[in-house]
Amino acid sequence: MKPYFQNMAVMGAPLGDKEIEASEENLRRIGEEQERVQEALNERMNKGLPSEKLHKRGEKTALERIEHLVDPGTFLPLNSLYDPEFNQEGTTGLITGIGQISGRYASIIASDNRVLAGAWIPGQREHVFRAQDIAEQLNIPLVWVLNCSGVKLTEQEKVYAGRRSGGRTFFRHAELAEKGIPVIVGMYGTNPAGGGYHAISPAVIFAHERSNMAVGGGGIVSGMSPKGHFDAEGAEALIEATRQFKQVPPGGVRIHHDRTGFMRQVFDTEEGVLDAMRSFMAGLPLYDPGTFRVADPADPLYPSGDLNRIVPFNQKRVYKIEQVMSRLFDGSEHLEYRPDYAPEVYCGLARVDGFPVGVIANRQGFLGADYPKYAKGAYTGIGGKLYREGLIKMNELVMYCGRDRLPVIWFQDTTGIDVGDIAEEAELLGLGQSLIYSIEASHVPMMTVVLRKGTAAAHYIMGGPQATRNNAFTLGVPTTEIYVMHGETAAAAAFARRLVKEKDAGKPLEPVIDKMNDLARQYYEQSRPIYCAKAGFVDEVTPLPGLRDYFVAFTRSCYQNPRSLCPHHQMLLPRSIVG
């Protein structure tokens, strides 16, 4: 396949002096937004006990444990700001991401032992699910650095029960193991109750000598009050029982290493646990990269810093998606699929670190007076919106990628799908659902970048995590906005009839106008990158120049130990492009 992958067309161009000068304001605004994101990240990472207090106890922080565990410089955080319940702690109590351990990528979860000693708090279960999903979709190990003190008892109803409760995380561990995906735990701390099942449900357990895992913790010094309530007499009895309670927390090394043998190995240092995990990872499956590379790795021709000038902060300005991709893919090269069809979307092939990937992206700008064809001149199409041809073309590329076993990277900057009776007759509703089916039937890993707008159902069907299990993770950037529709559109839709009613009644319009502006402002504030990250609309907000780092980690993970493969010489997509 050398003629296809090693002789690809070059896309993009260097920025000229006038473009650089004209983009100074854009550079400033993106920089300001990135500063706000960084401030939010700094605030999150400073939650809980000071590191010095943990160090005095002989403990490393979760981040320090991760840094020792992973190969230097390879950890990429995910869901750093995730806090869907907007907890008073300002976190879900976890640190997660993807990184290399002994040359092999893994999805990593670490209990944040600075926050309530790593306790389960609201939102944590969904945070765990996301890390488990990454391991499943990329077919890479799931690695826990566990230090869980149990459940925040004052909010147990948000953690314990329900179909998607904390208990589902243990089922997911069993599911991963059944699929041949190793789940490895390095255990610190007490880990009672749910923490005990986090410890035991993985396949391999490495433990610190002071760690424990048990169905219940030593803190449960008495059952329910015999009276069915508490009073002064009962409180005195509880005080006395607590003072006399000298038992070592249950489920320690003496039990689970010496007797049950559940703990594979036990170490007297924190580093020993982490080194054992590194050694274990070194023995796991790993294809040589040359098996799947179609060319030598190559940097893009143009600097990634240009992205802060190319991607407009102003959502109404247009740009060329090729200029973006040429700063992210190997050699700034690509093969475009059906370039003369469906101008609103880019579909094609590119390389990341020498590996082939499918690429789908929205285009911006005017699409021509006779497009979409089914409108027959009733209106003209604009970039960012999806029409019949675009939905068909995306379906086709996804099907080819599924057949050729190629992972897919999506770039979203969409205002939605064409609407109205003309669009309905053109089958856009059915074609959108067809794309969801094609994605699900492809069984190839995908990742999504919401480059600017992620709007309405188009956000779902263009590789969004809501509409497919194949989405490993979704990235936001400083220019990201996610909403069902633009705030101004939502305000008009919500209050248009009210305006008519007030006008006909001769009443002043200002109160309604104020409500419209309030709604538009609410939409804006709840669509910005930091909110999107906290609510879980995206898995991480990264600087635009940092996107390629995630692309490389995603792609290497996809080709680390794939469940199935298509020999290069049997691929159809490059042949269908070249003809």
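User: Which residue does Asp539 meet in a salt bridge?
Analyst: The side chains of Asp539 and Arg130 form that salt bridge, at 2.9 Å, N to O. This is a predicted model.

User: Where do Asp539 and Arg130 lie?
Analyst: Asp539 is in the loop between helix H20 (529-535) and strand E18 (540-541), and Arg130 is in helix H6, so the pair ties together parts 409 residues apart in sequence.

User: Is Asp539 buried or exposed?
Analyst: Buried, with a relative accessible area of 8%.

User: How many salt bridges in the whole structure?
Analyst: A search finds 33. One of them joins Arg469 and Glu136 at 2.9 Å, N to O. That pair also links distant parts of the chain, 333 residues apart: Arg469 sits in the loop between helix H17 (456-461) and E16, Glu136 in helix H6.

User: Switching to helices. At roughly what angle do H6 and H7 cross?
Analyst: Roughly 10°, and the axes of H6 (residues 124-138) and H7 (residues 167-178) come within 10 Å. The two helices are therefore roughly parallel.

User: Which residues meet there?
Analyst: From H6, Arg125, Val128, Phe129, Gln132, Asp133 and Glu136; from H7, Arg168, Thr169, Arg172, His173 and Leu176. By class, the contact has 3 nonpolar, 3 polar and 5 charged residues.

User: Last one. Where is Thr479?
Analyst: Thr479 is in the loop between strand E16 (471-476) and strand E17 (481-483). Thr479 counts as buried, at 1% relative accessibility. Beyond its neighbours within four places in sequence, its contacts include Ile30, Phe313 and Arg452.

Notes: Residues are numbered from 1 along each chain as its sequence is written. This is a predicted model: local features need pLDDT of at least 70, side-chain atom pairs count only at pLDDT 80 or more; totals for chains, interfaces and linings use all residues. Side-chain values use heavy atoms; hydrogens and water are left out. Helices (H or I, at least four residues) and strands (E, at least two) are DSSP runs, numbered from the N terminus. Buried means under 20% relative accessible area, exposed over 50%, partly exposed in between (1.4 Å probe, protein chains only). Contact means heavy atoms within 4.5 Å. Axes are lines fitted to C-alpha atoms, for helices over the stretch in contact, and angles run from 0 to 180 degrees between N-to-C directions. Angles under 35 degrees count as roughly parallel, over 145 as roughly antiparallel, 65 to 115 as roughly perpendicular and the rest as oblique. Ala, Val, Leu, Ile, Met, Phe, Trp, Tyr, Cys and Pro count as nonpolar, Asp, Glu, Lys and Arg as charged, and the others, Gly among them, as polar. A salt bridge is a side-chain nitrogen of Lys or Arg within 4 Å of a carboxyl oxygen of Asp or Glu.
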